[in-house]
Amino acid sequence: MQSGLYVALSSQIALERRLTTIADNIANINTVGFRATEVKFNDVLTNSEGVKVEYVSQGEEFLSPNKGGIIQTGNPLDFAIKGDAWFSIDSPAGPALTRDGRFSITDSGNLVSIEGYPVLDSGGGPIQLSGANGAPDVGADGVIYQNGNPVAKLGIFEAKTDTGFVRVGNTAIIPQSAPQAIVDRIDAGVVQGYVEQSNVNGVSEITRMMMVSRAFENVTQLMRESESSMTDAIKTLGGVG
């Protein structure tokens, strides 16, 4: 009976974690470049006094691979990623990846993200432009031109997010596995004058929240009933003899 309580408790912990990720997804339904968080759960098999008991793991987070919709803004400093790739920015937590391509040029010529973090090239260095030369033209390969001359190149990276990651702000992540720069690939590139919307499906996430909340309540009720049965058994056994 104790094992049953522990299994139910492990389920509650996992369900609570899933509720947290779903709530975060819903909160970022309108966040440019946001990738929804999913959770993969596994059974953890243990032996309890010779009896095999399966607990629910806390779950492993990964990013939804679904693409968000692309919308045109007409802003020459807005960029959308084509394919399964990321821009790189120099965040306070270190180099991070983002699909939010709303960039701007500072007075000193630095290309920065919407948070003001330097945008990095494929070598990990900050991109420096000339503010006096006006808005740049950017090719599909990420090469930046000013006055018809190539002056820099947006870094485009690929990364594995199923091995673990840490979020930086709403849209950026730092993956556990080191990202790799993408060079000469036709399936990944940059589209100028567009941004990618969040890939969160609001209806789907709200439905999931209702299902997970209901499951959490059911487990809670099961734990109450199990605890009540244990109390009754103790009382009964205590009265024997």
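Hi everyone, let me begin in a loop: Asp184 sits between strand S18 (180-181) and strand S19 (189-192). Please keep in mind that what you see is a predicted model. The phi angle of Asp184 is near 55°, which is a positive value in a residue other than glycine. Is Asp184 buried or exposed? Asp184 is exposed, and its relative accessible area is 75%.

Let me step back to the whole protein for a moment. There are 2 helices and 20 strands. The chain has 241 residues, and 39% of them count as buried. Looking at contacts with a separation of 6 or more, 64% come from residues 24 or more positions apart. The accessible surface is about 13,000 Å², with 53% of that belonging to carbon and sulfur atoms.

Now to a sheet I'd like to show you. Here 3 strands make an open, antiparallel sheet, ordered S12-S13-S14. Strands S12 (137-138) and S14 (149-153) are at the edges with a single partner strand each, so one side of each has no neighbour in the sheet. Strand S13, residues 143-146, pairs with S14 in the antiparallel sense over 4 bridges. Which residue in S14 is the bridge partner of Tyr145? That would be Pro150.

The loop between S13 and S14 holds Asn147. Here too phi is positive in a residue other than glycine, with Asn147 near 55°. Asn147 is exposed, at a relative accessible area of 58%.

Technical notes
Residues numbered from 1 in each chain as written. Predicted model: local features only at pLDDT ≥ 70, side-chain atom pairs only at ≥ 80, totals over all residues. Heavy atoms only, no water. Buried < 20%, exposed > 50% of the residue type's maximum accessible area, 1.4 Å probe, protein only. Contact = heavy atoms within 4.5 Å. Areas by Shrake-Rupley, 256 points an atom, 1.4 Å probe, with all protein chains shown as cover. Pairing = 2+ DSSP bridges.
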